[in-house]
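Here's a quick tour of one model, with a look at its surface and its aromatic rings. Have the structure open as you read.

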Amino acid sequence: MNDSGAFGALFGAILGAGLLFGLAYNVLIGYMRRTGLDEGLAWLQVVIGVLVTLLLAWPLVGLEAVLVLLALFAATGAPMAAGNIVRAWQARQAFLDRIREESRGDAA
């Protein structure tokens, strides 16, 4: 098998592995959504998906390219991750504040 044939076989195997991961990860995310385990974790779900994609790409594009992409994803994704964490914390605080207010109203 020539180099392009070997690359094609490797690419096909990695593409298949990526598809299987995507299908399984979708089931996991759906379960987390249905059970409420995903609250405030959208950023982490995205990070995990991106990291798996980068790991799958490593044999195809090399470590240097993967590290460059990792740095770019970190630069563009870190503000979104931080924002998602803050928004989830604020929503939780607002929920707890409403509960406290309602419990004070019931006690009166």
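## The nonpolar patch

α2 gives the nonpolar patch its largest share, six residues. This is a predicted model, where local features need pLDDT of at least 70 and side-chain atom pairs 80 or more, while totals for chains, interfaces and linings use all residues. Residues are numbered from 1 along each chain as its sequence is written, and side-chain values use heavy atoms, with hydrogens and water left out.

The patch sits on the surface and is made up of L44, V47, I48, L51, L55, W58, L63, L67 and L70, together showing about 730 Å² of accessible area. Both α2 (42–61) and α3 (63–107) supply at least two of its residues. Helices here are DSSP runs (H or I, at least four residues), numbered from the N terminus. Areas are Shrake-Rupley values with a 1.4 Å probe.

L51 lies in helix α2 and is partly exposed at 38% relative accessible area (buried is under 20%, exposed over 50%, partly exposed in between).

## Aromatic pairs

How many aromatic pairs does a search of the whole structure find? It finds two. F7 and F11 have ring centres 6.4 Å apart and planes at 5°, so they're stacked (centres within 6.5 Å, planes under 30 degrees apart). They're four residues apart in helix α1 (residues 3–35), about one helical turn.

F21 and Y25 are also a stacked pair, at 5.0 Å and 20°. F21 is partly exposed at 26%, whereas Y25 is buried at 16%.

Terms used: Patches are made of residues with over 30% relative accessible area and no salt bridge: like charges are joined within 9 Å, nonpolar side chains (Val, Leu, Ile, Met, Phe, Trp, Tyr) within 5 Å. A salt bridge is a side-chain nitrogen of Lys or Arg within 4 Å of a carboxyl oxygen of Asp or Glu. Buried means under 20% relative accessible area, exposed over 50%, partly exposed in between (1.4 Å probe, protein chains only). Rings of Phe, Tyr and Trp (its six-membered ring) pair if their centres lie within 6.5 Å; planes under 30 degrees apart count as stacked, over 60 as edge-to-face and the rest as tilted.
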